[in-house]
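Please read the points with the display at hand.

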Amino acid sequence: QVQLVEAGGGSVQPGGSLRLSCTASGRITGTYFMAWFRQAPGNEREGVAGMYSGLGSKFYADSVKGRFTISHQDNAHSALSLHLQMDNLKSEDTAMYYCAFAWNAFQPLESKTYDYWGQGTQVTVSS
């Protein structure tokens, strides 16, 4: 089992920045995928950014490329955290943001790929 806890959401004006964090705990060994998803009311959950620990690969949705940056810290799995730096935020970025974890993810930004999810943190971009 893997537990995920997100933090860092909030309200910001258009053009502003926020940094989301996700702390992972549990029996984590080997390589893995982690990602950020978001879901706005009435919309499907969409992949925003993901990473693969084995190669350090990073993946981004077209809508956030150049504005969002995913990173992670892994101290031999004992302290694993995932971050999402969000710059130049737009009103359409408003959503609940979720952290996700999977041992294998053939489609890193596809929600069906992921096994574990956090509870989410709300991001609101409004003037």
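In what order do the elements of the chain run from the N terminus on? They run β-β-β-β-β-β-β-β-β-β-β.

1. Basis of the note. This is a predicted model, in which local features need pLDDT of at least 70 and side-chain atom pairs count only at pLDDT 80 or more, while totals for chains, interfaces and linings use all residues. Residues are numbered from 1 along each chain as its sequence is written, and side-chain values use heavy atoms, with hydrogens and water left out.

2. Elements. The chain holds eleven strands and zero helices. Both are DSSP runs numbered from the N terminus: helices are H or I with at least four residues, and strands are E with at least two.

3. Overall dimensions. The radius of gyration, taken over C-alpha atoms, is 14 Å; this agrees with the value near 14 Å for a compact globule of 127 residues. The globule rule is 2.2 Å times the number of residues to the power 0.38. Along the principal axes, the C-alpha atoms fill a box of roughly 45 × 25 × 25 Å.

4. Four strands form an open sheet in the order 1-3-8-7, with antiparallel pairing. Its edge strands, strand 1 (2–7) and strand 7 (68–74), each pair on one side only. From one strand to the next, the twist averages 15°; such angles run from 0 to 180 degrees between N-to-C directions, with axes as lines fitted to C-alpha atoms, for helices over the stretch in contact. Two strands count as paired if DSSP finds at least two bridges between them. Strand 3 (residues 18–26) and strand 8 run antiparallel and are joined by seven bridges. In strand 8, S81 stands opposite T23.

5. The setting of H83. H83 lies in strand 8 (residues 80–86). Is H83 buried or exposed? H83 is buried, with a relative accessible area of 9%. Beyond its neighbours within four places in sequence, H83 is in contact (heavy atoms within 4.5 Å) with several residues, including R19, L20, W36 and I70.

6. Polar contacts of H83. The side chain of H83 makes a polar contact of 3.2 Å with that of Q73, and another of 3.2 Å with that of S81. A polar contact is a pair of N or O atoms within 3.5 Å; within protein, one must be able to donate a hydrogen and the other to accept it, and residues adjacent in sequence count only if both atoms are side-chain atoms.

Key. Buried < 20%, exposed > 50% of the residue type's maximum accessible area, 1.4 Å probe, protein only.
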